[in-house]
Amino acid sequence: MKKSLCITIFLAILLMIGAYTVQAQVNLTSFDGLWLQDSTKFRNMINAGIDGSNIVPTKGGNESYKSYVCMEVEPGAPDTIKLRSYDRRGNYTDIYGNLYWLSGTNSNFFGYVEFFSEDGYEYDFAYVTVINNKFTSVPGYGTYSDPTGFDTWNFLWSAKIPKKVPYDIWITPCGVLD
C-alpha cells in the first residue's frame with residue numbers, strides 16, 4: 001500500500017514538472033495563402049574577393065527592393081511559414097525562404113526569417129517581430145558568395161499584409177491549398 005502510494009505521488013510530481021516544460025503549440029496556418037507587401041534593404045555593403053585572394057575589400061552602395069511575398073503553411077509544420085517572392089507583375093524573383101516561430105501567440109510572435117536565392121549564392125537572415133500583421137526585423141545580415149567574389153551587408157526586412165494586391169499578384173497561386 002505504501003509502495004503504491006509513493007509511486008503515485010512520484011508520478012504526480014513528475015507529471016507536474018513535465019507540464020511546466022512543455023512548449024506552446026503554435027499554429028500559423030491562418031497565414032496560409034496570404035500575401036505580404038515587403039521592403040528589403042541592404043546597407044553597409046562590403047565587396048570582397050574569394051578566400052585566399054588579394055582583392056582589397058571595398059564599400060558598396062546601399063540597395064532596396066519592394067516585392068510581394070506569398071506565405072504558405074503546411075499542416076505538418078504549423079510553426080513555419082514558407083515564403084516566395086514575386087515582383088508586382090506576378091513574376092517569381094528566384095528568392096524563397098522561411099519564417100520560423102520562436103515565441104508568442106499564433107498571430108503576434110517573435111521569430112526569424114531566412115531568404116535564399118535559387119542559384120544558391122545569396123543568403124539573408126534577421127530576427128522578426130510580427131505584431132498586428134506587421135512584420136519588422138531587427139538588422140540582420142546577408143551574404144552573396146559565388147566563384148568570383150564575396151559580398152556582405154546589413155539586412156533589413158519589413159512587410160505588412162496589404163488590404164489590396166495588384167491583379168497580377170492576386171491571380172498568382174499562393175498557399176498550400178491552391
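This is a predicted model: local features need pLDDT of at least 70, side-chain atom pairs count only at pLDDT 80 or more; totals for chains, interfaces and linings use all residues.

Q: Why is Tyr-127 called partly exposed?
A: Tyr-127 has 38% relative accessibility, so it counts as partly exposed, since that label covers values between 20% and 50%. You'll find Tyr-127 in strand β7, residues 122-131.

Q: What makes Tyr-127 part of a nonpolar patch?
A: Patch members need over 30% relative accessible area and no salt bridge, and nonpolar side chains are joined within 5 Å. Tyr-127 clears that area cut-off with its 38%. Leu-102, Phe-110 and Val-138 are in the patch too, and together the four have about 340 Å² of accessible area.

Q: Is Thr-143 buried or exposed, and how do you know?
A: Its relative accessible area is 17%, so Thr-143 is buried; the limit is under 20%. Thr-143 belongs to strand β9, residues 140-146. Leaving out residues up to four places away in sequence, Thr-143 touches several others, including Tyr-121, Tyr-123, Phe-150 and Trp-153.

Q: What makes Arg-84 and Glu-72 a salt bridge?
A: The rule asks for a side-chain nitrogen of Lys or Arg within 4 Å of a carboxyl oxygen of Asp or Glu. For Arg-84 and Glu-72, the closest N and O atoms are 2.3 Å apart, and they form a salt bridge. The pair links distant parts of the chain, with Arg-84 in strand β4 and Glu-72 in strand β3, twelve residues apart.

Q: Which labels do Arg-84 and Glu-72 get, and why?
A: Arg-84 has a relative accessible area of 23%, so it is partly exposed. Glu-72 is at 16%, so it counts as buried.

Q: How many salt bridges are there in the whole structure?
A: Two. Besides the Arg-84 and Glu-72 pair, Lys-82 and Glu-74 meet at 2.8 Å, N to O. Lys-82 is partly exposed because its relative accessibility is 36%, and Glu-74 gets that label because it is at 37%.

Technical notes:
Residues are numbered from 1 along each chain as its sequence is written. Side-chain values use heavy atoms; hydrogens and water are left out. Patches are made of residues with over 30% relative accessible area and no salt bridge: like charges are joined within 9 Å, nonpolar side chains (Val, Leu, Ile, Met, Phe, Trp, Tyr) within 5 Å. Accessible areas come from the Shrake-Rupley method with a 1.4 Å probe; for residues, only the protein chains shown count as cover. Helices (H or I, at least four residues) and strands (E, at least two) are DSSP runs, numbered from the N terminus. Buried means under 20% relative accessible area, exposed over 50%, partly exposed in between (1.4 Å probe, protein chains only). Contact means heavy atoms within 4.5 Å.
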